[in-house]
Amino acid sequence: MSTDEIFVTRFRELCKNSKLTQTDMAYKLNMTQSALSKQLNGKNRVSADVLVRISDFFNTSTDYLLGKTDRCYVFTLEGNETPSLPPEIAKAYDSLEVEGKEVINTMIVYLAQQNNNLR
């Protein structure tokens with residue numbers, strides 16, 4: 001699979017998991033709906049500027065979007081936002097009450113801290 005194909009696949013998945021409409025997504029990414037549609041359909045190559053905006057919006061790396069790594073690192077610990085994860089994990093997370101989400105978030109922060117202490 002080419003880098004362009006990987007980008008389109010991963011960008012589509014992130015958009016789908018966000019549950020935003022194309023209109024809302026285009027607004028948040030500061031692009032027209034037409035430009036977003038062309039990106040999602042692979043009709044336009046992504047520019048560096050747009051790639052960075054997408055990366056920032058989804059809290060992921062450009063390396064992930066371009067297929068250089070499979071580590072998505074997309075998880076928001078603030079608020080009640082649903083992380084962009086594999087669909088079955090996102091669905092399970094969505095089904096939790098706020099307290100359950102807080103427990104998961106706390107566990108992730110703890111594990112990340114433990115991981116950093118091992119380095």
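The points below go through a predicted model of one protein chain, from its overall make-up to single residues.

1. Overall make-up. The protein chain has seven helices and zero strands. Read from the N terminus, its elements follow the order α-α-α-α-α-α-α. Of the 119 residues in the chain, 28% are buried. Among contacts with a separation of 6 or more, 45% are between residues 24 or more positions apart.

2. Confidence. The mean pLDDT of the protein chain is 82, and 86% of the residues score at least 70. Helix 3 has the highest confidence, at 92, while helix 6 (residues 87–95) has the lowest, at a mean of 78.

3. Helix 3 and its buried face. Which residues of helix 3 are buried? They are L36, Q39 and L40. Viewed down the axis of helix 3, these buried residues fall within an arc of 95°, so they line one face of the helix. In an α-helix there are 3.6 residues a turn, so residues three or four places apart point the same way. The cover over the buried residues of helix 3 includes helix 1 (3–18) and helix 2 (22–28). Just after helix 3, G42 has a positive phi of about 70°.

4. Q39. This residue belongs to helix 3, which spans residues 33–40. Is Q39 buried or exposed? Q39 counts as buried because its relative accessibility is 6%, and the cut-off for buried is under 20%. Neighbours within four places in sequence aside, Q39 is in contact with F7, V8, F11, N44, R45 and V46.

5. F7 and F11. A search of the whole structure finds three aromatic pairs. One of them is formed by F7 and F11; this pair is stacked, with 5.4 Å centre to centre and 25° between the planes. F7 and F11 are four residues apart in helix 1, so about one helical turn separates them.

6. F57 and F58. F57 and F58 form an aromatic pair too, with 4.9 Å centre to centre and 85° between the planes, which makes the pair edge-to-face. F57 counts as partly exposed, at 32% relative accessibility, whereas F58 counts as buried, at 6%. Which residues do the ring pairs link into a cluster? The cluster consists of F7, F11, F57 and F58.

7. R10 and Y64. A charge over a ring is found here: the charged end of R10 sits over the ring of Y64, at 4.3 Å from the ring centre.

8. T9. This residue is part of helix 1. T9 is partly exposed because its relative accessible area is 41%, a value that lies between the cut-offs of 20% and 50%. T9 and L40 are 31 residues apart along the chain, and 8.1 Å separates their C-alpha atoms. L40 is one of the buried residues of helix 3, and helix 1 is among the elements that cover those residues.

9. N105. Helix 7 (residues 98–117) contains N105. N105 is buried, with 9% relative accessible area. What does the side chain of N105 make a polar contact with? The partner is the side chain of Y93, at 3.1 Å.

10. Positive phi in two loops. K19 has a positive phi, near 65°, and is a residue other than glycine. K19 is placed in the loop between helix 1 and helix 2, and counts as exposed because its relative accessibility is 62%. N30, likewise not a glycine, has a positive phi of about 60°. N30 is in the loop between helix 2 and helix 3, and at 60% relative accessibility N30 counts as exposed.

Notes. Residues are numbered from 1 along each chain as its sequence is written. This is a predicted model: local features need pLDDT of at least 70, side-chain atom pairs count only at pLDDT 80 or more; totals for chains, interfaces and linings use all residues. Side-chain values use heavy atoms; hydrogens and water are left out. Buried means under 20% relative accessible area, exposed over 50%, partly exposed in between (1.4 Å probe, protein chains only). Contact means heavy atoms within 4.5 Å. The arc is that of the directions from the helix axis to the C-beta atoms. A polar contact is a pair of N or O atoms within 3.5 Å; within protein, one must be able to donate a hydrogen and the other to accept it, and residues adjacent in sequence count only if both atoms are side-chain atoms. Rings of Phe, Tyr and Trp (its six-membered ring) pair if their centres lie within 6.5 Å; planes under 30 degrees apart count as stacked, over 60 as edge-to-face and the rest as tilted. A charge sits over a ring if NZ of Lys or CZ of Arg is within 6 Å of the ring centre and within 35 degrees of the ring normal. pLDDT is the predictor's confidence in each residue, from 0 to 100.
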